[in-house]
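Let's take a friendly walk through a protein model, starting with whole chains and ending with single residues. Keep the picture open beside you as you read.

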Amino acid sequence: MKKRFFLILLVFITIFAFRFRSEPIFVAPKNWPKTSYDFKKNPLTPNKILLGRALFYDPILSKNNTISCSSCHSQYTAFTHVDHSLSHGIDDRIGNRNSPALTNLAWHTNFMWDGAVNHLDMQALAPINHPSEMGENIKNVVAKLQHSHLYPDLFYQAFNDSIINGERLLKSISQFMLTLVSSNSKYDSVVRGEGMFTSQEERGYLLFKKNCNTCHTEPLFTNLQFENNGLSVDPFLKDYGRFRVSQNPQDSFKFKVPTLRNIEFSYPYMHDGRFKKISEVLNHYVSQKSKVSNLAKELSEPFVLSPNEKVDLTAFLLALTDKHFLFNPSYSYPREVFFGRANGK
Amino acid sequence: MKVKFLFILLLLFSFRLQAQNKVLPVLLSPVFGEQKLYLGTDWYHIALADSIQIQVLKFYVSKLRLLEKSKVVWQEENSFHLVDLENPTSLKWNLLIPPTITFSQISFDLGIDSITNVSGALGGDLDPTKGMYWTWQSGYINFKLEGFAPSSSANKNEFQFHLGGYQYPFLACKTIILDQINEAGFVIEIDLKKVLVQADLNKVNHIMSPSIEAVKWSHWVQKSFSISPE
């Protein structure tokens with residue numbers, strides 16, 4: 001009898017252990033849309049995420065070993081470039097676009113302001129090769145990693161052998177980026193019924209749902225589409241946006257709708273970083289736009305917002321700040337990897 | 001009991017099939033008209049006053065299939081081959097096929113299909129370190145041809161054709177079907193003269209992104225494949 005009991009206990013423990021083991025690393029927040037990334041082709045594991053995180057923070061990915069992904073995507077600004085309107089790369093060369101915030105990328109289907117990149121895995125190739133970003137090429141990066149003291153070991157821990165190739169490199173960087181989920185702002189706590197808006201935020205939320213939600217759609221605060229929000233064209237940059245990729249004239253000056261999560265910290269704003277403050281953005285939306293044929297229909301008439309309403313709307317936008325995200329230690333520079341080993345571990 | 005017997009029979013049978021797969025050798029032979037094509041040194045005449053030198057010839061062949069009377073009798077699994085004139089082993093395929101099939105045609109894609117193009121990072125011949133992936137805009141380069149020609153108006157008289165595009169209206173991946181192949185093995189010729197006599201290198205000497213021009217060139221390249229008669 002007693003034996004039987006232990007047997008049953010054992011079975012239970014095993015089942016539990018397995019349940020625990022298979023606890024998914026990536027948990028989509030409740031009631032969010034389905035993710036787009038195919039996790040089956042690149043299942044997340046702690047060691048691969050750590051490898052990806054090391055790569056994200058390591059300037060070894062650039063030609064002269066000075067620029068890392070984090071140079072243009074810093075955690076404290078929701079993974080955008082600190083205070084630069086156009087991104088800065090190696091040799092202080094200036095790119096032609098503002099670096100976007102990196103949040104909730106598992107839901108995105110197209111990347112870059114014009115959607116030129118069709119899969120998260122392939123994203124890293126663009127900055128690595130861009131002459132005014134990292135100025136490298138991936139074949140060289142793989143060779144550098146193979147000869148480093150650090151990476152053969154990290155790849156071994158991630159993949160059970162120390163082969164380093166382009167596929168593994170790119171998938172590991174994706175692994176880290178996929179973990180960058182922002183879902184703990186005040187807004188989220190209100191949605192989950194754990195917190196409450198102030199009356200000002202509440203009024204701002206109503207204004208938001210009326211004016212902004214068709215494009216900056218909850219809960220991602222982007223509909224992931226390309227839209228023309230009526231910015232005047234910069235005569236120097238002459239950026240045609242989505243048109244460059246699709247060659248469809250209807251796509252001229254359309255850009256990927258950016259998320260508004262952590263907007264408090266991700267300034268400057270827009271694809272060319274032309275606005276520094278949220279107030280400038282709101283002034284843009286209430287001003288008359290030049291009538292181009294593909295201007296979004298929601299914007300054909302300027303929004304009408306009183307000064308008080310602008311304040312209310314701003315209060316709501318600030319409720320999208322997610323401190324858990326901005327200060328999450330598992331997204332930060334992996335000191336333990338770089339220093340732990342440099343000191344002989 | 002009976003089930004067990006059947007199972008063993010099945011097992012034996014599948015082993016038999018496995019063991020007796022036979023090798024179908026296929027060679028790729030890049031030529032320029034009557035001449036064999038070599039990289040780097042040789043000059044080839046396209047017209048009386050114009051000649052050409054090839055530095056790079058690299059392309060993808062995918063979805064290999066054998067057919068009999070237009071019906072597919074075999075298709076290769078995970079079928080992606082990067083052919084690179086600089087790498088002789090890439091010009092020689094040993095296809096493992098069942099011994100029982102009869103076939104007289106081969107079909108394959110010149111390039112990479114659209115679904116594979118949007119499937120993220122892939123390995124083997126599709127690894128982006130192979131230099132056949134665009135970086136500023138996602139997508140595989142199906143076909144790369146680079147070299148020099150006095151008629152090219154570009155810097156140093158060079159030309160560079162990187163053909164690709166997986167999205168409408170610039171679909172560049174082309175299917176090729178070749179007839180009258182030998183069941184014991186055969187040679188596929190790709191004749192660059194057929195491509196380059198149609199080009200005007202003075203006007204167009206660079207293609208570096210999906211475009212109408214890239215689609216037109218892909219069509220020319222598609223027509224340059226044939227089964228070698230000998």
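## Two chains, side by side

Chain A has 345 residues, and 51% of them count as buried. Please keep in mind that this is a predicted model. Chain A contains 15 helices and two strands, whereas chain B has four helices and 14 strands. Here are some values for the two chains.

| Chain | Residues and buried share | Accessible surface | Carbon and sulfur share of that surface |
|---|---|---|---|
| A | 345 residues, 51% buried | about 17,700 Å² | 58% |
| B | 230 residues, 49% buried | about 12,000 Å² | 57% |

Contacts also tell us how each chain folds back on itself. In chain A, among contacts between residues at least 6 apart in sequence, 68% join residues at least 24 apart. For chain B, residues 24 or more positions apart make up 72% of the contacts with a separation of 6 or more.

Chain B can be described in two further ways. Its C-alpha atoms fill a box of roughly 80 × 40 × 30 Å along the principal axes. It carries 20 positive and 21 negative side chains, and the centres of these two sets are 9 Å apart.

## The nonpolar cores

Which residues touch the most other members of the largest nonpolar core? They are A:Leu61, A:Leu145 and A:Tyr151, in a core of 66 residues. Several helices of chain A give two or more residues to this core, including H2 (46-57), H6 (138-146), H7 (151-159) and H8 (166-178). Apart from this core lies another one of 50 residues, among them B:Tyr44, B:Leu64, B:Trp93 and B:Trp220.

Now zoom in on A:Leu61. Leaving out residues up to four places away in sequence, A:Leu61 touches A:Leu55, A:Cys69, A:Ile128, A:Met134, A:Glu136, A:Val141 and A:Ile173.

## A loop worth a visit

Next, find the loop between helix H10 (199-211) and strand E1 (226-227) of chain A, where A:Asn223 is located. Is A:Asn223 buried or exposed? With a relative accessible area of 18%, A:Asn223 falls under the 20% limit and so counts as buried. Its side chain reaches the backbone oxygen of A:Thr214 at 3.2 Å and the backbone nitrogen of A:Gln225 at 3.0 Å. Beyond its neighbours within four places in sequence, A:Asn223 is in contact with A:Thr214, A:Cys215, A:Thr217 and A:Val257.

A:Leu224 lies in this loop between H10 and E1 too. Its phi is near 65°, a positive value in a residue other than glycine, and A:Leu224 is buried at 15% relative accessibility. A:Pro219 also has its place between H10 and E1, and the peptide bond from A:Glu218 to A:Pro219 is cis, with omega near -5°. Most residues other than glycine have a negative phi, and most peptide bonds are trans.

B:Asn78 has a positive phi of about 45° and sits in the loop between strands E5 (71-75) and E6 (80-84). At 69% relative accessibility, B:Asn78 is exposed. A cis peptide bond joins B:Tyr168 and B:Pro169, with omega about 0°.

## One last stop

A:Phe303 lies in the loop between helices H12 (278-286) and H13 (307-318) of chain A, and is buried at 14% relative accessibility. A:Phe303 and A:Tyr285 are 18 residues apart along the chain, yet their C-alpha atoms are separated by 6.1 Å.

Terms used. Residues are numbered from 1 along each chain as its sequence is written. Chains are lettered from A and ligands numbered from 1 in the order in which they are written. This is a predicted model: local features need pLDDT of at least 70, side-chain atom pairs count only at pLDDT 80 or more; totals for chains, interfaces and linings use all residues. Side-chain values use heavy atoms; hydrogens and water are left out. A nonpolar core is a set of buried Ala, Val, Leu, Ile, Met, Phe, Trp, Tyr and Cys residues joined through side-chain atoms within 4.5 Å. Buried means under 20% relative accessible area, exposed over 50%, partly exposed in between (1.4 Å probe, protein chains only). Contact means heavy atoms within 4.5 Å. Accessible areas come from the Shrake-Rupley method with a 1.4 Å probe; for residues, only the protein chains shown count as cover. Lys and Arg count as positive and Asp and Glu as negative; His and the chain ends are not counted. The place of a charge is taken as NZ of Lys, CZ of Arg, CG of Asp or CD of Glu. A polar contact is a pair of N or O atoms within 3.5 Å; within protein, one must be able to donate a hydrogen and the other to accept it, and residues adjacent in sequence count only if both atoms are side-chain atoms.
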